Amino acid sequence: MASGVESRVEALRRSGPEEDFIRCYMVRKKGLFGGASSFEVYLESGNHFLLAARRRKKTKSASYVISHDVEALTRGSDACVAKLKASSVSGYQYQLWGRDDDVDGAKKGFGRQDMVIDYAMLENGTKGGPRGMQIILPVPESGWQPAAPDGDDSLSALVEAARLKSVPPRLEANIMCLMSKQPRYDADAGSYVLDFQGRVTEASVKNFQLVAWDHNADTTGEQPLVLFGKRGDNLFALDFRYPMSVETAFAVAISSVDSKLCFAV
């Protein structure tokens, strides 16, 4: 890749600031005649295009290619920077794989484990109600990647270990854990609500906020790290800060909107 393209890709993978949100918006473009939707994310300031994603055809479970070129949404394109793949048809878990041809054992160039997103219904939820989300990602700029031959340090294994409070001490410093902030049910509104700071204008089960998760104490932070929600039929607010990047925030947003999710309305 040319140095300018490399710089852009690095920027899209760079985590946001700790103090303030980077404010973006996501546009959904529905496919014709019931075809799969595609997604585009833009920086709100200046409406600058950042990334696009398209669901791959003829796959049993959801699989998306993520590209920095809206005209090059194929896995074989040099513009494709990552893929987001559901681990099952029901969509309980999504894995984000970054493009890195140098990673040992890489499958078709996507061998870097960037994030795992695990879904479950909240304890007080019902079908069509809010969904819980637990996320594991490597500490930004750490350079750490799972490497155990038996896969016991994979991000999928670690999200389960985090729930059980059994993450190996040697790995604690290498990962960051996030969780969706639980909404409260507003009887007057007839829906689950969170304070979206005026950024979200429509109630939806797919709206969410992510906060830091101390898996050992089973507590969460108060400050939102990602804020996502509907502003129109095909328009969504998407704001993020450290440790998330454009790429990881976009991937979580796509997983929330994906029609295969088992708890979607």
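Strand β3 (residues 48-55) pairs with β4 in the antiparallel sense, over four bridges. Strands here are DSSP runs of E with at least two residues, helices are runs of H or I with at least four, and both are numbered from the N terminus. Two strands pair if DSSP finds at least two bridges between them. In this pairing, Arg54 stands opposite Val65 in β4.

This is a predicted model: local features need pLDDT of at least 70, side-chain atom pairs count only at pLDDT 80 or more, and totals for chains, interfaces and linings use all residues. Residues are numbered from 1 along each chain as its sequence is written, and side-chain values use heavy atoms, with hydrogens and water left out.

β4 is mostly covered, with five of its five residues buried. Buried means under 20% relative accessible area, exposed over 50%, and partly exposed in between (1.4 Å probe, protein chains only). In a regular strand the side chains alternate between the two faces of the sheet. Both faces of β4 are covered. Ser63, Val65 and Ser67 are buried on one side, Tyr64 and Ile66 on the other.

The strands β4 (residues 63-67) and β5 run antiparallel and are joined by five bridges. Ser67 stands opposite Cys80 in β5. Six of the seven residues of β5 (residues 80-86) are buried, so this strand is largely enclosed by the rest of the structure.

β5 is also joined to β6 (residues 93-99) by five bridges, again antiparallel. There, Ala86 stands opposite Tyr94 in β6.

## Cavity and pocket

Rolling a probe the size of a water molecule over the atoms shows where empty space is left. The search uses a 1 Å grid over the protein atoms alone. A cavity is a set of points where a 1.4 Å probe fits but cannot get out. A pocket is an open set with protein on both sides within 12 Å along at least five of seven lines. Lining residues have an atom within 4 Å of a point. Grid points are joined across faces, edges and corners, and a volume is the space filled by probe spheres set on the points.

A search of the whole structure finds one cavity of 30 Å³ or more. Its lining takes two or more residues from each of β6, β7 (110-121) and α2 (155-163). The lining residues are Gln95, Leu96, Trp97, Gln113, Met115, Val116, Leu155 and Ser156.

The largest pocket is lined by 20 residues, of which Arg13, Arg112, Asp114, Pro140 and Glu141 lie nearest its centre. α1 (3-13), β7, β8 (131-138) and α4 (246-257) each supply at least two lining residues. β7 gives the most, with three.

The table sets out volume and lining class. Ala, Val, Leu, Ile, Met, Phe, Trp, Tyr, Cys and Pro count as nonpolar, Asp, Glu, Lys and Arg as charged, and the others, Gly among them, as polar.

| Space | Volume | Lining by class |
|---|---|---|
| Largest cavity | about 40 Å³ | five nonpolar, three polar, no charged |
| Largest pocket | about 480 Å³ | six nonpolar, seven polar, seven charged |

## Aromatic contacts

A search of the whole structure finds six aromatic pairs. The ring centres of Phe228 and Phe236 are 5.2 Å apart and their planes lie at 10°, so the pair is stacked. Rings of Phe, Tyr and Trp (its six-membered ring) pair if their centres lie within 6.5 Å; planes under 30 degrees apart count as stacked, over 60 as edge-to-face and the rest as tilted. Both Phe228 and Phe236 are buried. Ring pairs also link Tyr25, Tyr42 and Phe49 into a cluster.

The charged end of Arg241 sits over the ring of Phe21, 4.1 Å from its centre. The cut-offs are CZ of Arg or NZ of Lys within 6 Å of the ring centre and within 35 degrees of the ring normal.
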